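Work through the exercises below with the sequence and the coordinates side by side, and try each task before reading its solution.

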Amino acid sequence: MKRIFEADPWKVIGNVFDNDTNEIAESIMSLANGHMGFRGNFEEDFSGSTLKGTYIAGVYYPDKTKVGWWKNGYPEYFAKVLNACDMISIHLWIDGEKVDLSKCHFENFTRELDMKQGTFTRKFDVITMTGKRVRVGSLRFVSMEKKEIGAIRYTVQPLGDSVDVRLISYLNGDVRNRDSNFDDMFWEKISVASHDGISNITMATKKTGFIVSSSACEQVAVKGVDLKGTLVSDDGLYIGNEYSSRVEPGSLFIMFKYFSITTSRDYETSEVTGKSLERASEARETRFDALLEEHRKSWASIWSYADVVIEGDMLSQQGIRFNIFHLFQTYTGHDNRLNIGPKGFTGEKYGGSTYWDTEAFCFPFFLSTAREDVARSLLIYRYNHLENARKNAKKLGLEGALYPMVTMNGEECHNEWEITFEEIHRNGAIAYAVYNYVNYTGDEEYLQEYGLHVLYEIARFWASRVNYNPRKGKYMILGVTGPNEYENNVSNNWYTNTMAAFCLRYASEAADGIRKRNPGRFAEIAGEINISDDEIKRFVTISENMYFPYIDELDVFAQQDGFMDKELLTVDDLPLSDRPINQNWSWDRILRSCFIKQADVIQAFYFFPFEYDTDVKKRNFDFYEPMTVHESSLSSCIYSVLASDIGYYDKAYELYLRASRLDIDNYNNDTEDGLHITSTAGSWLAIVHGFGGLRVKDGLLRFNPALPEEWTGYSFIIYFRGRRIKINVREDMVGATLLEGEAITIRIWNNEVDLYNDNKVIEIKGKS
Ligand code: BGC
């Protein structure tokens with residue numbers, strides 16, 4: 001494989017400029033802070049291959065659905081994350097020649113994402129037509145400390161003769177989405193103005209009416225002398241400041257650009273512009289170095305509790321840090337109206353909306369790294385969407401709540417039939433997250449306040465979606481798409497049925513538990529959502545009599561009815577030129593084939609590790625893995641966890657590497673669209689749940705660590721019930737340290753280990 005980036009433990013470095021991979025690099029080098037995000041676009045003009053991207057959390061546009069044949073119940077729109085006002089850009093001329101790396105001559109190009117510091121830097125030497133060499137450098141960050149602010153340091157330095165430098169730092173609101181269905185402009189202008197040297201563009205989104213105000217200002221100096229800018233603007237959505245100076249060799253033209261974004265999600269409409277200007281002005285007063293320092297400190301604090309250290313394997317180390325970095329850039333948990341889009345702030349595709357990816361993959365990461373309130377925010381998000389989920393079920397003629405497959409505000413906004421209507425397994429992942437949270441944190445109060453409402457309505461949905469087959473005496477779920485989207489409209493997808501049975505059982509147990517422990521609260525909830533004993537009984541009956549397709553001759557679960565009618569091939573039978581099949585085969589051929597896009601049966605083994613014994617897991621893994629093409633970013637990571645679980649460590653390592661470097665190495669040939677945030681979380685699961693073997697059962701935190709051959713050691717830190725615990729794995733030895741919180745007993749392999757708050761490393765030798 002030809003790697004695009006250099007390996008480094010804390011950085012992603014690109015030393016070669018290649019127009020064909022430029023958009024990949026832009027995705028990789030994206031910066032964000034949970035509130036706003038920017039692809040790693042160049043500041044100066046670039047007429048080569050680029051996807052410009054500025055994204056703002058929670059700001060979306062309902063792009064009118066585009067389908068050939070309208071079917072009843074289709075959502076009216078597909079929510080799009082918006083490409084917002086471009087704030088980072090500049091025009092640069094050196095001796096009158098415009099700098100555009102697609103056109104001018106340059107050398108020594110390098111760009112670098114520094115995950116430790118949270119910065120994106122670039123450097124290159126421009127060679128002018130007359131042969132003058134000028135070094136251009138930039139450093140950008142999006143503050144993790146002050147969410148509405150970001151800054152750039154941009155330098156121009158003649159290395160030989162003196163040059164004339166002319167620079168316009170601007171805002172441009174005339175932006176569109178590449179994935180717009182009808183090439184519409186999603187924004188309308190409110191105001192474009194300059195106040196005290198600060199350029200401002202305030203725009204509103206069409207239809208959704210979000211007001212977004214973008215501001216930018218600069219401090220520019222040459223040889224320590226400040227330059228004054230001249231206002232430039234046009235009648236449209238363009239405004240900025242122009243600076244020019246003769247720059248002698250040895251001296252530096254330096255610009256600090258401060259930018260801010262505020263929105264009507266956080267402020268009254270009348271305040272949004274004023275706040276944006278205020279933020280930019282505060283940033284200018286605080287100055288670049290101080291802002292950068294506090295930003296670095298925020299990252300240092302995150303790394304102090306969330307870092308995973310891998311020794312002996314640089315590629316693995318780089319992969320996991322890259323992924324952790326992007327996860328914390330994507331979600332901070334400060335705002336429970338927000339969620340985790342599968343592309344985070346790194347691209348347009350997938351609408352920046354919420355999928356089941358959040359609960360199934362990202363949730364456990366935040367649960368074990370950040371404090372409880374971060375994971376809790378994700379649950380509250382779904383609780384707040386319950387009413388819309390009820391409406392969604394009703395539209396289909398069903399009861400209870402059907403959470404959308406894709407959403408921004410609780411309404412379904414995905415428009416492919418087989419996904420919107422058939423991929424109902426997402427309801428299972430949402431209920432599972434409630435279980436996961438309560439099991440992990442022991443926070444019963446959450447269940448009483450919010451959890452039961454969600455669980456019960458989900459169970460109600462399943463109870464109305466199943467149908468009873470009297471010939472088999474079983475409940476069945478027909479016409480679904482399982483996690484494996486390379487099959488549609490199948491009956492009795494084993495995973496879906498398993499999740500439905502789990503939801504029904506867990507909802508009834510949760511209701512009974514609350515009834516016993518807090519009858520008063522139970523009576524309130526029962527009144528609010530109309531819980532009845534008969535209905536709970538029905539949940540239990542369906543759960544206990546669910547149909548699970550089985551392949552007797554192989555002693556494995558059948559992914560769905562009729563799976564064995566297929567021609568059974570393995571991925572090794574596929575010529576390389578056919579891969580990925582979703583880019584080379586007709587959809588018809590894919591649907592008829594046995595090839596599996598992503599973990600399906602195996603996904604349930606991940607959720608319920610104690611329900612199936614190792615032999616069962618092995619048999620199913622051996623049957624399904626060879627048919628799995630892993631063409632979803634949700635696949636390799638889960639297979640990796642399972643491979644560790646059953647002791648297939650080589651396979652686990654191979655799949656871990658693929659998951660953790662999915663984007664850095666562009667495995668799925670689509671990183672230019674943006675990163676796969678779900679896989680970033682999945683690769684952490686592959687380490688901590690997979691190799692580390694983290695599980696929680698009956699309130700006891702357990703580890704079953706193994707060391708992949710390629711590594712000499714690894715360590716990670718876990719947040720668990722008010723404690724921070726560090727696990728350090730070496731060959732035949734595991735060290736455990738309680739870094740924070742009260743004494744606790746944990747289990748490592750089969751040993752009960754008492755940890756006290758004394759920072760001592762307790763060493764457990766070998767598996768016993
Ligand atoms: C996967 C889905 C996933 C979606 C967003 C699809 O390719 O098959 O399971 O929810 O991507 O990541």
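**Exercise 1. A helix and its surroundings**

Task: determine which helices the buried residues of H18 pack against, and whether Ser633 is buried or exposed.

Solution. Begin with the packing partners: the buried residues of H18 are packed against helix H5 (357-369), helix H16 (601-607), helix H17 (614-624), helix H19 (649-660) and helix H20 (677-691). Helices here are DSSP runs of H or I with at least four residues, strands are runs of E with at least two, and both are numbered from the N terminus. The model is a predicted one, in which local features need pLDDT of at least 70 and side-chain atom pairs count only at pLDDT 80 or more, while totals for chains, interfaces and linings use all residues. Residues are numbered from 1 along each chain as its sequence is written, and side-chain values use heavy atoms, with hydrogens and water left out.

Next, consider burial, where buried means under 20% relative accessible area, exposed means over 50%, and partly exposed lies in between (1.4 Å probe, protein chains only). In helix H18 (residues 636-645), 9 of the 10 residues are buried, so the helix is largely enclosed by the rest of the structure; among them are Cys637, Ile638, Tyr639 and Leu642. Just after H18, Gly647 adopts a positive phi of about 85°.

Finally, turn to Ser633, which is found in the loop between H17 and H18 and, at 12% relative accessibility, counts as buried. When its neighbours within four places in sequence are left aside, Ser633 is in contact (heavy atoms within 4.5 Å) with Leu662, Asn668, His676, Thr678 and Ser679.

**Exercise 2. An open sheet**

Task: work out the order of the 5 strands in the open sheet and identify its edge strands.

Solution. The order is E8-E7-E13-E19-E18, with antiparallel pairing, where two strands pair if DSSP finds at least two bridges between them. The edges are strand E8 (97-98) and strand E18 (230-233), each of which pairs on one side only.

**Exercise 3. Aromatic rings**

Task: classify the ring pair of Tyr170 and Tyr238, then that of Phe365 and Phe366.

Solution. The structure holds 64 aromatic pairs. The rule is that rings of Phe, Tyr and Trp (its six-membered ring) pair if their centres lie within 6.5 Å, and that planes under 30 degrees apart count as stacked, over 60 as edge-to-face and the rest as tilted. For Tyr170 and Tyr238, the centres are 5.0 Å apart and the planes stand at 40°, which is a tilted pair. Tyr170 lies in strand E13 (residues 163-172) and Tyr238 in strand E19 (residues 238-247), so the pair ties together parts that are 68 residues apart in sequence; both of these tyrosines, Tyr170 and Tyr238, are buried. The rings of Phe365 and Phe366 have centres 5.0 Å apart and planes at 80°, so this pair is edge-to-face, and Phe365 and Phe366 are each buried.

One aromatic cluster is formed by Tyr432, Tyr435, Tyr495, Phe502, Tyr506, Tyr606, Phe607 and Phe608. As for charges, one sits over a ring if NZ of Lys or CZ of Arg is within 6 Å of the ring centre and within 35 degrees of the ring normal. Lys80 lies over the face of Phe78, at 5.6 Å from the ring centre, and Arg166 lies over the face of Trp93, at 3.9 Å from the ring centre.

**Exercise 4. Backbone geometry in loops**

Solution. Phi of Trp749 is near 50°, a positive value in a residue other than glycine.
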